[in-house]
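Subject: A structure for you to look at

Hi there,

Please have it open while you read.

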Amino acid sequence: MCAALSRALLTEARAFLDGVLGAESERELVVLTDGELLSALAERSRSRLTLVDTVGRGYSPWPRDAMTFARTESGDLIALLRPNRQPGREHDSEMGLLFVAGMSDPIDRALGAPRWSIAPVPFHNGQILWTPGVTWVSGHTLERRALELLGLDRVPVGSFATSRGLDAYLGALDRAAGELEVLYRQPVRFVHTVPRSGTLEERQNGIWRFGGGAGFDDFLLGWNNAVLVHGETWRAEAFATPVAAGDELARRSYAAAGYRLDLVPPLRGSVLHNGGYRCASNHVRLDPGARSSATQ
């Protein structure tokens, strides 16, 4: 890594960590990192921050999709790993193992000695918004599992020329949503209108809107890519943007819904170099009695 790029990424990483820690005064943050960034962050070590060395493991740019954190019926914290590992991304689930193994003793005791397990059903944590009573997803959330159910390796766009083809794909998405309902123990709903009815032309137009944005991240507009935190105060966290007027409008919109919106500095350099911190959907948020977070 060249010196100029290293300095730029370090500056952004420090600003991001300061923003995340500043959003909640009692938060403990566990960061998985390695190499030059680990050494540089360690020099500026602070309380409420634990650094875990990934020793150069071959993660993909999107390890957030491969794991989630949950509570067992007895209240224990568990790192839940995907059973359906994607080809080329098999190592991503190791992030959950590192989190469990790398926590400092005080955090480990506070969380009741977390452990890890493999989930009983497939899941994909990209574009998931958990709210009390409903889990909101997009079609991309369930795409990988739907393709597995259909025995395909890519979305069968050509089959959308017929109602039968549309029904088959949407049916696979519904089955995948049903599996998530078992895992999350609450209804799973789509944030987009699902084109289940209408003329063939109307349904074809609808499926393109439903799947719009695949392969593209407009990471500078992070207001709709937020994490909701429910405790004594209902908060939301998202990335700030270069558009100050838009940030303020977003704060007012969230406030109208009962949430305080905290905006943290985005990691632009990471994103531009194909880094994974484009999606806030898989931040770890624990209950108010055990305030902690983890991210890469």
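This is a predicted model: local features need pLDDT of at least 70, side-chain atom pairs count only at pLDDT 80 or more; totals for chains, interfaces and linings use all residues.

Three strands form an open sheet in the order β6-β7-β8, and their pairing is mixed. The edges are β6 (128-131) and β8 (188-190), each of which pairs on one side only. On average, neighbouring strands of this sheet are turned by 25° against each other, ignoring direction. Strand β7, covering residues 134-137, runs parallel to β8, and the two are joined over 3 bridges.

Next comes the nonpolar interior. As a general rule, nonpolar side chains in soluble globular proteins tend to be buried together. The largest nonpolar core here has 25 residues, and those with the most contacts inside it are V137, L142, L173, L180, L183 and F190. At least two residues of this core come from each of α5 (139-150), α6, β8 and α7 (200-210). The top contributor is α6, with 10 residues. Apart from this core lies another one of 16 residues, which includes V30, Y59, I107 and L111.

Two residues are worth a click. Leaving aside neighbours within four places in sequence, L183 is in contact with L80, P120, V121 and F123. The other is E179, which sits in helix α6 (residues 163-184). Is E179 buried or exposed? Its relative accessibility is 18%, so E179 counts as buried, the cut-off for buried being under 20%. Not counting residues up to four places away in sequence, E179 touches V121, P122 and R145.

Finally, the helix pair. The axes of α6 and α7 come within 11 Å and cross at roughly 40°, and α6 and α7 are therefore oblique to each other. The crossing in which α6 passes α7 is left-handed. On the α6 side the contact is made by S163, L166, D167, L170 and L173, and on the α7 side by L200, R203, Q204, I207 and F210.

Best wishes

Notes. Residues are numbered from 1 along each chain as its sequence is written. Side-chain values use heavy atoms; hydrogens and water are left out. Helices (H or I, at least four residues) and strands (E, at least two) are DSSP runs, numbered from the N terminus. Buried means under 20% relative accessible area, exposed over 50%, partly exposed in between (1.4 Å probe, protein chains only). Contact means heavy atoms within 4.5 Å. Two strands pair if DSSP finds at least two bridges between them. Axes are lines fitted to C-alpha atoms, for helices over the stretch in contact, and angles run from 0 to 180 degrees between N-to-C directions. A nonpolar core is a set of buried Ala, Val, Leu, Ile, Met, Phe, Trp, Tyr and Cys residues joined through side-chain atoms within 4.5 Å. Angles under 35 degrees count as roughly parallel, over 145 as roughly antiparallel, 65 to 115 as roughly perpendicular and the rest as oblique. A crossing is left-handed if the near helix is turned anticlockwise from the far one by less than a right angle, and right-handed if clockwise.
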